[in-house]
Amino acid sequence: MTKHTIPTSQRDVDAFDFEEPSEDFFKAQESTHIDAPRCALIVLVSDHSVRSGKDTDRLIAELLSEDNFKVDGVVEVSKSKAEIRKAIETGVAGGVDLVLTVGGTGVGPRDLTPEATRDMLDKNVPGIAQAIRSSGLACGAVDACTSRGICGVSGSTVIVNLADSRSAIRDGMATLTPLVHHLIDELRRASMDV
Amino acid sequence: MTKHTIPTSQRDVDAFDFEEPSEDFFKAQESTHIDAPRCALIVLVSDHSVRSGKDTDRLIAELLSEDNFKVDGVVEVSKSKAEIRKAIETGVAGGVDLVLTVGGTGVGPRDLTPEATRDMLDKNVPGIAQAIRSSGLACGAVDACTSRGICGVSGSTVIVNLADSRSAIRDGMATLTPLVHHLIDELRRASMDV
Amino acid sequence: MTKHTIPTSQRDVDAFDFEEPSEDFFKAQESTHIDAPRCALIVLVSDHSVRSGKDTDRLIAELLSEDNFKVDGVVEVSKSKAEIRKAIETGVAGGVDLVLTVGGTGVGPRDLTPEATRDMLDKNVPGIAQAIRSSGLACGAVDACTSRGICGVSGSTVIVNLADSRSAIRDGMATLTPLVHHLIDELRRASMDV
């Protein structure tokens, strides 16, 4: 009958009956958590096989790892809204820090990456898409400048749409990584507050 | 019974029965109206007491008065959508020219200033938010660049959301004041046309 | 009775029974189609008669033809949402490559060009409006920077809203034409894929 004489809450307190860790311990924990490696999923959106032809995935993986992202995977999907969405969902559900889509941001009838992404976003962060378009204009990547790509947050994952020319990728990556790192910091800090 | 023989409208006409003022008079009136002092309400959005700690309100008040705004008041609210909205409404109902919110523009779960502001806007003016993000990027205020803050018009009041780092405030204020003055000119001119 | 023995489809095949054209032929066709002259419709939005007073239409027509657009027509409409929309529809239905509206992008109660345009867009292309606002800010065209104008695609037509000061027009035209040409290329290529 001891089960009933000590209520659950009391037992929990007993179980944690040790000295409180120092403030330094928590600070160390926190900075460890915030500085923990950042994982990225690459989603290549194309009606042609990108991988074989253009080597896009290798370029992006290189640029991501230069900026301290660990590439968790590369998914290749056709220009179908459902497929794009499913690929993004895989990343979000898997808890990656960044899902980076490439392609499908133009004005053609089969360019639906922004629409698929919008459905997934909890919060739109227009400043990243703006920065990518703006520096695309400056460096002459016209597809980046007219890209309909959007950026934002879904759960604890940042999602970014890039256009798929090589200059759009090179310039876009240089622009987006510091901003995305800032958002990831914010998201990790918020998750510790709750 | 004279009350009934002269209808109210007739009496009004009689009361204003004097010579028409010259065109110069109207022009002087108009420029007086347009150049009349501009009033601002500051809304500090934070879950911690900002005023005591960071001196944010004094910085903003200083920058506003340098740019010819009279600070009508400073309201401090928690990160609650309802409270933020209520504070903005007070400013709009009171007819201030500018409501400037500071804070709550990030991607954390309790960052809801843009959502509270959106409900209040008659017209969104994306160019001001864009200019703030763009110059935030240039000056290294990352929170300004990734800010979800929006800007627009409610009645005859301009509403602007700022991020709350000191550099976001300093740079944002320098960027927004000339644009806001232009909008206030436009709004005052439109109110005279009606 | 031969009419019935050879079905229509068979006759079509017969009619085209010749050698396949070479790949060069198709390439030439394609580049001809893509490089074909681009037609533009100008829509002047104003409650005053713009044409007589400000010579706006001549300025825009000049700038358009310098950038390889053929001006198909100039329509002058009042600041009524229905009228603006109808004018844009005329251009889209007529298959022009670009509908360029001028005016009605401010925050006054009768500034409704963006609202009329939004109803017409299949796809919003925020990068063009962004580029126009951004270079407006740099060149001191405050009305361009605070413009609520939007840009996008309706059918095979690109629609762009400009503010109506002369500097907004001059600067805006310089900014938008290369981006619009890129979109027209994309739209023409997409129409050939289908």
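Ground rules first. This is a predicted model, where local features need pLDDT of at least 70 and side-chain atom pairs count only at pLDDT 80 or more, while totals for chains, interfaces and linings use all residues. Residues are numbered from 1 along each chain as written, chains are lettered from A in the order written, and side-chain values use heavy atoms, without hydrogens and water.

I looked up the axes (lines fitted to C-alpha atoms over the stretch in contact, angles from 0 to 180 degrees between N-to-C directions): helix 8 of chain B, residues 126–138, and helix 8 of chain C come within 10 Å and cross at roughly 70°. That makes the two roughly perpendicular (65 to 115 degrees). Helices here are DSSP runs of H or I, at least four residues, numbered from the N terminus. For the contact (heavy atoms within 4.5 Å), I noted B:Pro126, B:Gly127, B:Gln130 and B:Ala131 against C:Gln130, C:Arg133, C:Ser134 and C:Leu137.

**A with C.** Helix 8 of chain A also passes helix 8 of chain C in a right-handed crossing. A:Gln130, A:Arg133, A:Ser134 and A:Leu137 meet C:Pro126, C:Gly127, C:Gln130 and C:Ala131 there.

I checked for salt bridges (Lys or Arg side-chain nitrogen within 4 Å of an Asp or Glu carboxyl oxygen) and got 0 across the interface of chain A and chain C.

Definitions and conventions
A crossing is left-handed if the near helix is turned anticlockwise from the far one by less than a right angle, and right-handed if clockwise. Angles under 35 degrees count as roughly parallel, over 145 as roughly antiparallel, 65 to 115 as roughly perpendicular and the rest as oblique.
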